[in-house]
Amino acid sequence: MDWLSTQNYQCGVVTTYPHYPQWKIQSSYSGNSFWYRTEKKRFLSSPPIEIYRCPHYIPSKPTGARRILSDFTYFVSAFFQVMRLLFRKKYEYVFVVAPPLPVGLLGLLYCKLKKATLIYHIQDLQIDAAINLGLIKSRWLIRLIYSMERQILTKADFVSSISDGMIAEIKNKFDREVILFPNWVDTKVFFPISDKASIAAKFGFNADDKIILYSGAIGEKQGLINMLHSAKALNKSSHIKFVICGSGPYKDALIESAKSMGISNVLFLPLQGTTSFNELLNFASIHLVLQKRSDNELFMPSKLATILSVGGLAVVTAAENTNLFRLITDNDMGFAIEPENDLLLTRTIENATISDNENIKKNALHYATNFLEKDNVLPDYFSKIIHSQKNGITTKITKCKMPDGKPEKKKLTNIFKLIFTGSYFIILFYLVFFIGRRQGGHSYDINFVPVRNTLRELRYLNEIGRFNYFSNIFGNILLFFPLPVILKMYLKFYKFSTVILISILLSISIETLQYIFRVGVADIDDVILNTLGACIGYYFISRSKKILGVFIS
């Protein structure tokens with residue numbers, strides 16, 4: 001986005017609060033991350049970037065289920081922000097980065113209503129990996145995910161991904177053009193430094209020490225326990241020292257493992273600033289890029305780009321039949337070895353510390369400079385998109401053309417749809433989060449037992465008041481009554497089961513956000529009443545097709 005701003009594009013970013021890789025809100029935002037926030041990043045001679053931060057659930061220990069919940073709450077939170085942007089000046093291009101997959105639907109919604117161009121960039125095939133590993137087993141959920149993916153990938157104007165391997169995987173599923181957009185690196189920020197002695201002194205090392213460095217997120221999937229096993233095997237070589245630099249949910253457990261193994265040649269460092277990180281990368285003798293065994297090594301990890309840009313010597317774990325293995329070996333820019341093989345990793349590290357690897361380092365720097373440099377990658381990528389757009393060329397899958405109609409009538413209908421949809425969600429947003437009775441900071445109240453609260457309030461009807469009691473019941477029903485009308489306007493396949501599923505998911509999302517931000521009570525009764533309202537709305541539509549006419553057709 002910074003680069004686009006320097007090209008005089010007016011940019012906005014819908015995102016969350018900084019929390020990765022620690023899985024904890026950064027201290028500068030810790031007291032203000034429970035609601036929406038708008039910031040402006042300003043430049044001396046370029047347009048400012050507007051940053052729209054959305055609150056969502058961030059688990060301290062990101063298990064599979066909790067990560068899914070985290071992505072889902074972000075999707076709901078970002079949805080309301082996108083609805084706000086519909087009533088502001090139009091953005092001509094919408095660039096969506098996945099995962100998470102559902103945010104692509106928000107991009108589609110904005111582009112459909114504002115007639116913008118959708119660029120959908122796939123950074124990781126996270127869903128495919130989760131399904132292949134058996135983390136997602138529900139058949140209906142898998143069908144829903146693939147249906148969602150099909151909608152996004154067939155309707156996006158442009159689709160891109162970070163490697164030839166991932167592009168091939170996408171093309172196997174969808175017959176369409178996919179643009180290569182690799183993980184790039186700024187070689188003005190990460191570059192070779194010749195004065196290694198001063199760097200050694202800064203970090204407390206000797207000039208002749210051999211530093212084996214891992215830098216990046218510290219999670220279980222990296223298989224960093226193998227690095228500790230190698231460190232223990234080489235513990236007697238006093239000049240070989242292992243450094244783990246970074247943060248993540250697995251770091252504390254890894255430190256405890258190192259202590260229990262009695263290893264004295266492993267140093268844990270926190271995240272470094274840009275200048276210090278470049279210095280550390282330069283001083284390292286060997287860089288470890290570790291992953292557990294997987295058949296899905298389809299792309300070059302982003303951390304490898306910075307290693308190559310300083311001319312670093314990388315030892316990468318990748319199976320022989322993968323794209324990552326071929327990338328390293330074909331370009332002779334590192335060592336690619338079998339994953340989760342402690343003995344082979346130790347032997348490779350030991351041999352690399354005594355070998356002359358200057359040619360490999362030169363090849364690494366050459367590859368980064370020619371194929372990953374930011375000032376080469378970004379202009380090439382965006383010029384392809386803008387050139388195609390100016391010449392009326394898109395990479396969409398061909399669709400059937402709509403029959404000729406009256407353009408003016410269609411335009412007025414679309415405007416009416418936009419006004420109706422926007423008004424509904426603004427009112428919904430106000431009623432569930434901002435209305436006076438919801439302000440004042442409730443405690444974390446939640447009820448999972450159906451009808452319990454409704455019956456309890458009925459017993460205390462005189463104290464609560466008839467109006468308050470019945471307005472809560474009928475208000476929850478009426479709140480979702482218009483939702484089927486909106487779904488009918490935009491869904492190609494409109495079925496009762498689809499309406500009910502979307503209604504339940506939306507209602508659960510609202511209750512989850514109310515619980516997180518302490519605005520109202522998260523109550524299963526509200527979900528039931530909201531869904532009942534959607535059922536009544538669906539029945540109304542099915543009986544009123546002639547009355548609603550063009551509006552819902």
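**A covered strand and a pair of packed helices**

In this predicted model, strand β3, which spans residues 49-53, is mostly covered, since five of its five residues are buried. In a regular strand the side chains alternate between the two faces of the sheet. In β3 both faces are covered, with Ile49, Ile51 and Arg53 buried on one side and Glu50 and Tyr52 buried on the other.

Strand β3 also has pairing partners, and these can be taken in turn. Strand β1, made of residues 11-15, runs parallel to β3 and is joined to it by five bridges, and within this pairing Cys11 stands opposite Ile49 of β3. Strand β2, made of residues 37-41, pairs with β3 in the antiparallel sense, again over five bridges, and here Arg37 is the residue that stands opposite Arg53 of β3.

Two packed helices are described by the angle between their axes and the distance between the axes. Helix α8 (residues 225-233) packs with helix α13 (residues 342-354) at an angle of about 55 degrees, and their axes are 9 Å apart. Because of that angle, α8 counts as oblique to α13, and the crossing of the two helices is right-handed. On the side of α8 the contact is made by Asn226, Met227, His229, Ser230 and Ala233, while α13 contributes Asp342, Leu345, Thr346 and Ile349. Sorted by class, the residues in this contact of α8 with α13 are four nonpolar, four polar and one charged.

Terms used: Residues are numbered from 1 along each chain as its sequence is written. This is a predicted model: local features need pLDDT of at least 70, side-chain atom pairs count only at pLDDT 80 or more; totals for chains, interfaces and linings use all residues. Side-chain values use heavy atoms; hydrogens and water are left out. Buried means under 20% relative accessible area, exposed over 50%, partly exposed in between (1.4 Å probe, protein chains only). Helices (H or I, at least four residues) and strands (E, at least two) are DSSP runs, numbered from the N terminus. Two strands pair if DSSP finds at least two bridges between them. Axes are lines fitted to C-alpha atoms, for helices over the stretch in contact, and angles run from 0 to 180 degrees between N-to-C directions. Angles under 35 degrees count as roughly parallel, over 145 as roughly antiparallel, 65 to 115 as roughly perpendicular and the rest as oblique. A crossing is left-handed if the near helix is turned anticlockwise from the far one by less than a right angle, and right-handed if clockwise. Contact means heavy atoms within 4.5 Å. Ala, Val, Leu, Ile, Met, Phe, Trp, Tyr, Cys and Pro count as nonpolar, Asp, Glu, Lys and Arg as charged, and the others, Gly among them, as polar.
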